Amino acid sequence: MAGHSKWANIQHRKGRQDEKRGKIWTKLIKEITVAAKLGGGDVATNPRLRLAIDKAKDSNMPNDNVQRAIQRGTGSLEGVNYEEIRYEGYGMNGAAIIVDCLTDNRTRTVAEVRHAFNKNGGNMGTEGSVAFLFKHCGQMLFAPGTSEDQLMEVALDAGAEDVITHDDGSLEVLCPVPDFSKVQDAISQAGLKPELATVAMRPETEIALEGELAESMQKLLDALENLDDVQEVFTNAELWFLNLIF
């Protein structure tokens, strides 16, 4: 069996997201709208909005769509009021799952999330049941071959908490959420580009699932991610398929 590959994991995730391009745009429009509503429409003073717009650009969303979402958030255009809700639960072998949602109908959303868990072998948990297994932080992943010395110097000087070297040669930068934009800017100015740059719930420890368990867990994660009101799904499951890890 292949060794641990954080890089393969990220590539697999991005590939699955590319297959759901239309849904990703819908989710990003919601996120931009809420970010603008909560923090204003200026990316210079609203890190959450900046991150959402960066993701929209990475997904090739037209700028007109981005601007309309900002205007709906700031009240310049009429729009829907979304509520942020987090659900927690369990998948195969007790693997932890966090489901972050934006919804205009809490009753509909909880019913759909619970149904997805139950139909696919998972279980809804209570608030706080698994969140303690994750760390809320800025996360950036760099391809194998990236200069470890350069990245470590730049990232740590900018306020990063840690730079992790994985077995596959990829590098991971972790930073406090308030410092995410500052660290990202410093890294970009140094000419380094992450494959992934996001604010996430990162698992402190992971649970390895293989074969049928991994396939069942992926099916559950897909079912949750495909729900219209779901923005992000985080898990501490490490999925192994045949000779590859995703």
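# A tour of helix packing and salt bridges

Helices α5 and α8 are roughly antiparallel to each other, because an angle over 145 degrees counts as such. The model you are viewing is predicted.

**Stop 1: the helix pair.** Select residues 106-119 for α5 and residues 211-225 for α8. The two helices pack at an angle of about 165°. Their axes lie 9 Å apart. Look at the crossing next: α5 passes α8 in a right-handed manner. Which residues make the contact? On α5, show Val113, Ala116 and Phe117. On α8, show Leu220, Ala223 and Leu224. Color them by class: the contact of α5 with α8 has 6 nonpolar residues, no polar and no charged ones.

**Stop 2: salt bridges.** Side chains of opposite charge can pair when their charged atoms come close. How many salt bridges does the structure hold? There are 13. The next stops visit some of them.

**Stop 3: inside helix α3.** Select residues 47-58, helix α3. Show the side chains of Asp54 and Arg50, which meet in a salt bridge at 3.9 Å, N to O. Both residues lie in α3, 4 residues apart, about one turn of the helix. Asp54 is partly exposed, with a relative accessible area of 23%. Arg50 is also partly exposed, at 22%.

Stop 4: Lys55 is partly exposed, with a relative accessible area of 23%. Glu232 is partly exposed too, at 30%.

**Stop 5: a loop and strand β4.** Select Glu161 and Lys135. These two form a salt bridge, with the closest N and O atoms 2.7 Å apart. Glu161 is in the loop between α6 (148-158) and β5 (162-165). Lys135 is in strand β4, residues 134-142. Here 26 residues separate the partners, and the pair links distant parts of the chain. Glu161 is partly exposed, with a relative accessible area of 43%. Lys135 is partly exposed as well, at 31%.

**Stop 6: a network.** Finish by selecting Lys30, Asp104, Arg108 and Asp229 together. What links these four residues? They are joined in a network of salt bridges.

Notes: Residues numbered from 1 in each chain as written. Predicted model: local features only at pLDDT ≥ 70, side-chain atom pairs only at ≥ 80, totals over all residues. Heavy atoms only, no water. Axes fitted to C-alpha atoms, helices over the stretch in contact; angles between N-to-C directions. Parallel < 35°, antiparallel > 145°, perpendicular 65-115°, else oblique. Left-handed = near helix turned anticlockwise from the far one by under 90°. Contact = heavy atoms within 4.5 Å. Nonpolar A, V, L, I, M, F, W, Y, C, P; charged D, E, K, R; others polar. Buried < 20%, exposed > 50% of the residue type's maximum accessible area, 1.4 Å probe, protein only.
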